[in-house]
Amino acid sequence: MSDAKLFTKSKSIELQAEIEQAFKKSKPINRIKIVLRKLLANVILNNHEMATLMKDVIPLMKLDDLEIRKICCDYVVNCAHLSADVQQAVPFLQRFKDEHSPLLRALAIKSMSSINHPAFLDLSFASVKRALRDKDPYVRRSAVYAIARMHQHDPARTERESLVDELNDLLHDNDSVVISDALAALSAITEKSKTLNLAIDKTHSLTLISLLRTANEWQQIYLLSSLMGYVPQTETEALDLIEATLPSLQHENSAVVLNTIKVIIYYSNYARNPELHFPILPKRIGASLNSLLSKPSETQFLVLRNVILLLLGKKNLVQFDIEMFYCRFDDPIYVKDTKLEIIYLLANENNIESVLDELEEYATEVDVAMARKAIRAFGNLAVKLENAAERCVEVLCDLISTGITYIVQEAAIVIKNIVRRYPGRYNYAVDELTKYCQVFDEPDAKVSMIWMVGQFCKTIPKPRKHLSHLMTSFTDDPVEVQLAVLTAVTKYYLVFPLDGEDLILEVLKWATEETNNPDVRDRGYIYWRLLSSEYTTNSQNGFQEITKDIVFNQDPHITSENDSINPAILEELELNFGSLASIYLKPVQSVFRLAKHKQLSWSPALQTEQSSTSSREFASPKPSYIQSRTSSTSTNSKRGSHVGKFNIGKSDDDLQSFSPKPPVKENFGQKLSRKSSSVTGKIASKISNF
């Protein structure tokens, strides 16, 4: 029977009848196998009705057939929490653990340790130590993973029974597969334990490196990850370990390559400028990551996100040709988006011409999302590289001249940042945008365009016409657009008081009497107070000069974005390099709340200028050392246990709720005579000092 036919939902009564009929016919073993496969397929399909067959399935373990016993054990493990009859399997497992066949012994220890039930746990604790000393390596491997599962079920008893120390002993096993499995089990235990940390000494770290040559790809992953348990005490040790792991960069498996880079990054924190000691290191790492870009899209995305992490933290350890990150036509959008971020980080005066030519092609693509991101990249590069700003603005003006709606609106957002970054240099781009004021309908683009019309109303032609186009539906626009309209209209009135009087009266009347949004209403009142205050109207320097100084204030200086990250967060992300925790570029605990906090351990060789002081502010500057066996891996219950606790407190003021009162309609005279609020009082007191 094909596997596809097995995965059809069946009733427990039907399968029970088929088991009974199988014993009445010739060759019952083959028939029972088919029925059990159906049963297991229904368990996979989440058919909980199959748990009622526990009494019928467990007796089948007495049949002398390994496949039947495997299927029965899988069924018992998966349905143990649904049936009280599961204890009937204990005698069979107790017999299997003493069988001559190593496959049966391994099956027994695997099955009993997978069931979180007192009877099975007692049997597991009584049997696992003997299995760890079994002459067959497969049985020892099964016992290693059994301890990891038992630690999940009962951590205290597992540690009390010294089973973690038994795993340490297996690190000196003659079989490299058993050693790698023991490291995998120890890593799983320490990752979920708050008191245990994996730590190895120098001798054993060299032993593990020597095993890399003969280990398969999965064993290499465990061996490489465990190397981060050793803390180099001198710079020479760190450099030696970096050199020893370099051959693994040429492996085909992406997980092996990423774990090797993680180890190199880790040891580079204990050596000053390792790229000077190994000049070929940046090229080797860059070439290894480049080879992974031929993998499936999901793997590419993980690699690219970790490339960003490298460029943010350890740019000296890697060397790339920027052209390798140019987008291909068949790349999914999330890969293209990540490549654009990398292009931005790698762009400099030497390669900017090639980058701008490439981005110009992206901006005219049929894919709207890609075109928008390319236009954003132009703006970011103009802010980052002053020498490239003029070329970026020229390209943006050419794109605006096409009149395509989404291009014009996206360009408005980035040009706003450019004219703020370089005041007075690229105002001609604003003039180009004003030709298309009628096409703006997206909030972000509309806010940017309104700000530019209000800020540069002195220089652009027909500002009143452009404001009218942008204000057509401002009463129904989002709050951020309404706030921008208030500010722009006020600026226009301060520059053209006669032409803008009716406009500002209309907007302020709506903002103070009709709107229900407290932010819009408060800003309307502030502007009205400023315009009607005796401190501003009595200025000797001209019309509303003091108000102009306040409203036409100098905006905060814009710098390049996304090219730095909190050093404390960066340190922990580097210790999680190659994992899912590293792709978000956020604190690991904010994404995976149960993840264990990681930080660099103190050592005389630790390069303090490469690591953040804030990242170790909760760690002891010189951790106490726990004596351990020579040449062994120890799980230390004290080292690394100093984890910071962040207490978030709220003051009584933060807990008070605010419910705004509905606006009361007043005439213009009442507005002028109304007592100033506390906010406008502060403004007035500041104005009086001029």
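Predicted model: local features only at pLDDT ≥ 70, side-chain atom pairs only at ≥ 80, totals over all residues.

Trainee: Is Leu309 buried or exposed?

Mentor: The idea is to see what share of a residue's area is accessible, with buried meaning under 20%. Leu309 has 1% relative accessibility, so it counts as buried.

Trainee: Which residues is Leu309 in contact with, leaving aside its neighbours within four places in sequence?

Mentor: The contacts are Lys314, Leu570, Leu573, Glu574, Phe577, Ser582 and Leu585. Look at Leu573 in that list: Leu309 and Leu573 are 264 residues apart in sequence, yet their C-alpha atoms are 7.8 Å apart in space. Across the protein chain, among contacts with a separation of 6 or more, residues 24 or more positions apart account for 70%.

Trainee: How many helices and strands are there in the protein chain?

Mentor: There are 37 helices and 2 strands. Of the 690 residues in the chain, 50% are buried.

Trainee: How do I check the length of a helix, say the 15 residues of H8?

Mentor: Count 1.5 Å a residue: helix H8, residues 118-132, should then span 21 Å, and its end C-alpha atoms are 21 Å apart, so the two agree. Helix H23, residues 386-400, can be checked in that way too: its 15 residues should span 21 Å, and the ends are 21 Å apart, which agrees.

Trainee: Where is the kink in H8 centred?

Mentor: On Ala126, with a bend of about 30 degrees.

Trainee: Which residues of H8 are buried, and what covers them?

Mentor: An α-helix has 3.6 residues a turn, so residues three or four places apart point the same way. In H8 the buried residues include Phe120, Leu121, Ser124, Val128 and Leu132. Their cover includes helices H6, H7, H9, H10 and H11.

Trainee: And which are the buried residues of H23?

Mentor: Ala388, Ala389, Cys392, Val393, Val395, Leu396, Cys397, Leu399 and Ile400 are the buried ones. Helices H21, H22, H24 and H25 are among what covers them.

Trainee: Let me turn to rings. How many aromatic pairs does the count come to?

Mentor: The count is 10 aromatic pairs. To read one, look at the distance between ring centres and the angle between planes; an angle over 60 degrees counts as edge-to-face. The rings of Tyr426 and Tyr428 have planes at 70 degrees and centres 6.2 Å apart, so this pair is edge-to-face. Tyr426 is buried because its relative accessibility is 3%, whereas Tyr428, at 37%, counts as partly exposed.

Trainee: How far apart are the ring centres of Phe474 and Trp510?

Mentor: They are 5.1 Å apart, and with planes at 75 degrees the pair is edge-to-face. Phe474 lies in the loop between H27 and H28 and Trp510 in helix H29, so the pair ties together parts that are 36 residues apart in sequence. Both Phe474 and Trp510 are buried. Elsewhere, ring pairs link Tyr266, Tyr267 and Tyr270 into a cluster.

Trainee: Which charged end sits over the ring of Tyr344?

Mentor: That of Lys384, 4.7 Å from the ring centre.

Trainee: What should I know about phi?

Mentor: Most residues other than glycine have a negative phi. Lys462 has a positive value, near 50 degrees, and Leu585 has one near 55 degrees.

Trainee: Where do Lys462 and Leu585 lie?

Mentor: Lys462 is in the loop between H26 and H27, and Leu585 in the loop between H33 and H34. Lys462 counts as exposed because its relative accessibility is 57%. Leu585, at 19%, counts as buried.

Notes:
Residues numbered from 1 in each chain as written. Heavy atoms only, no water. Helix = DSSP H or I, 4+ residues; strand = E, 2+ residues; numbered from the N terminus. Expected span 1.5 Å × (residues − 1). Bend = angle between axes of the 7 residues up to and from the residue. Buried < 20%, exposed > 50% of the residue type's maximum accessible area, 1.4 Å probe, protein only. Contact = heavy atoms within 4.5 Å. Phe/Tyr/Trp six-rings, centres within 6.5 Å; stacked < 30°, edge-to-face > 60°. Lys NZ or Arg CZ within 6 Å of the ring centre and 35° of its normal.
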